Amino acid sequence: MSSATRFLDVLLIAAALFLACFCVLLFRSFNQAPPFEGPVGGYLPLQAFQSKIESCKFSAHRRILISGWIARPGQRRGKHTTTVVIRDAADGRLYAMETDLPPRRDVSKRLNYLLGDRIDYTTSGFAASLNLQKAGHRIREGQLYIAYDEGESYTLVPTTCSFSGAR
């Protein structure tokens, strides 16, 4: 075996180990729920918004899934950082879930029809999931909120999604 062949073997093994470590770190970062530290300006009921929770699931394996949309009638929104958060019923602490903000042209079209306006509500979508077991949190009972980005602060909006009895 030549030294060039050994070098390539070592290089390939090192690359495979690097890729495996990178994937593990990436997976762990998607299963984090850090404490929510955004400034909270207050709480508003879900009825103060046009919204719909389209999916809310909590599995026996402690995986939370939520998706839907939320918009303030008559308000234009550009880029924002609206986040789904978990409120631990035991101590009231809030934890931020990794939240995707998919565009919702269907919602914009529907709200334009219902509200009679021409505002772009495309940025109203949200989808979040978290495996509490892998994230290391011992939350046994909780409520999901939408931390609605108001620019200077967040308004916390309780959803109809809650869970209890988790192991």
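**Helix packing and sheet**

Author: The buried residues of α2 pack against β2 (50-58) and β3. Contact here means heavy atoms within 4.5 Å, and buried means under 20% relative accessible area, exposed over 50% and partly exposed in between, with a 1.4 Å probe and protein chains only. Helices (H or I, at least four residues) and strands (E, at least two) are DSSP runs, numbered from the N terminus.

Reader: Before we go on, what kind of model is this?

Author: This is a predicted model, in which local features need pLDDT of at least 70, side-chain atom pairs count only at pLDDT 80 or more, and totals for chains, interfaces and linings use all residues. Residues are numbered from 1 along each chain as its sequence is written, and side-chain values use heavy atoms, with hydrogens and water left out.

Reader: Which residues of helix α2 are buried?

Author: In α2 (residues 105-115) they are Val107, Ser108 and Leu111. They lie on the same side of α2, because they cover an arc of only 100 degrees around the axis, taken from the directions from the helix axis to the C-beta atoms.

Reader: And which residues are exposed on the other side of α2?

Author: Arg105, Lys109 and Tyr113 are exposed there. After α2 comes Gly116, with a positive phi near 65 degrees.

Reader: Turning to the sheet, what is the order of the four strands?

Author: The open sheet runs β2-β3-β7-β6, with antiparallel pairing; two strands pair if DSSP finds at least two bridges between them. β2 and β6 (99-100) are at the edges with a single partner strand each, so one side of each has no neighbour in the sheet.

Reader: How many bridges join β2 to β3?

Author: Eight bridges join them. Lys52 stands opposite Trp69 in β3.

Reader: How many aromatic pairs are there?

Author: The count is four, where rings of Phe, Tyr and Trp (its six-membered ring) pair if their centres lie within 6.5 Å, and planes under 30 degrees apart count as stacked, over 60 as edge-to-face and the rest as tilted. Phe58 and Phe163 are stacked, because their ring centres are 4.6 Å apart and their planes are at 10 degrees. Phe58 belongs to strand β2 and Phe163 to strand β9, so the pair ties together parts 105 residues apart in sequence.
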